[in-house]
Amino acid sequence: MQEKGITPCIPGRKSRNKAVKYDKSRYRRRNRIEIMFDRIKDWRRVATRYDRCPNAFFSAIALAATVIFWL
């Protein structure tokens with residue numbers, strides 16, 4: 001991955017002999033994005049891709065994200 005210019009943003013385990021350098025702020029943002037996707041997948045309509053039309057599917061995602069944001 002490093003050959004492609006990708007830097008790791010996941011910390012290593014405590015039991016690892018050699019510590020891996022990672023960007024803490026990037027890891028924190030990555031975690032928030034994963035949590036947001038998990039919350040969106042709780043909506044059955046989005047998780048099962050009920051809408052086949054891309055515009056309707058995106059609208060369902062936007063609606064779910066808006067409701068989750070306000071709760």
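Which residues is Met36 in contact with, leaving aside its neighbours within four places in sequence? The points below give the answer and go through the rest of this predicted model.

1. Met36. Apart from neighbours within four places in sequence, Met36 is in contact with Ala65 and Ile68. Met36 itself belongs to helix α1. Asn55 is another matter: Met36 and Asn55 are 19 residues apart in sequence, and their C-alpha atoms are 20 Å apart in space.

2. Helices α1 and α3. Helix α1 covers residues 24–41 and helix α3 covers residues 54–70. The two pack with their axes 10 Å apart, at an angle of about 110°. That angle makes α1 roughly perpendicular to α3, since the roughly perpendicular class spans 65 to 115 degrees.

3. Residues where the two helices meet. On the α1 side the residues are Met36, Arg39 and Ile40, and on the α3 side they are Ile61, Ala65 and Ile68. Sorted by class, this contact of α1 with α3 has five nonpolar residues, one charged residue and no polar ones. Arg39 is in the list from α1, and Arg counts as charged.

4. Phe69 and Trp70. How many aromatic pairs does the structure hold? It holds one. The ring centres of Phe69 and Trp70 are 5.4 Å apart and the ring planes stand at 80°, so the pair is edge-to-face. The cut-off for that label is over 60 degrees between planes. Is Phe69 buried or exposed? Phe69 is exposed, and Trp70 is exposed as well.

5. Arg49. This residue is in the loop between α2 (44–47) and α3. Arg49 is not a glycine, yet it has a positive phi of about 55°. Arg49 also lies over the face of Phe57, at 4.2 Å from the ring centre. With a relative accessible area of 34%, Arg49 is partly exposed.

6. Asp42. The loop between α1 and α2 contains Asp42. Its relative accessibility is 64%, so Asp42 counts as exposed; the exposed class starts over 50%. Asp42 and Arg30 are 12 residues apart along the chain, and 19 Å separates their C-alpha atoms.

7. Ala19. Where does Ala19 lie? Ala19 is in the segment before α1. Ala19 has a relative accessible area of 72% and is therefore exposed. Between Ala19 and Ile33 there are 14 residues of separation along the chain and 25 Å of separation between C-alpha atoms.

Terms used:
Residues are numbered from 1 along each chain as its sequence is written. This is a predicted model: local features need pLDDT of at least 70, side-chain atom pairs count only at pLDDT 80 or more; totals for chains, interfaces and linings use all residues. Side-chain values use heavy atoms; hydrogens and water are left out. Rings of Phe, Tyr and Trp (its six-membered ring) pair if their centres lie within 6.5 Å; planes under 30 degrees apart count as stacked, over 60 as edge-to-face and the rest as tilted. Buried means under 20% relative accessible area, exposed over 50%, partly exposed in between (1.4 Å probe, protein chains only). A charge sits over a ring if NZ of Lys or CZ of Arg is within 6 Å of the ring centre and within 35 degrees of the ring normal. Axes are lines fitted to C-alpha atoms, for helices over the stretch in contact, and angles run from 0 to 180 degrees between N-to-C directions. Helices (H or I, at least four residues) and strands (E, at least two) are DSSP runs, numbered from the N terminus. Angles under 35 degrees count as roughly parallel, over 145 as roughly antiparallel, 65 to 115 as roughly perpendicular and the rest as oblique. Contact means heavy atoms within 4.5 Å.
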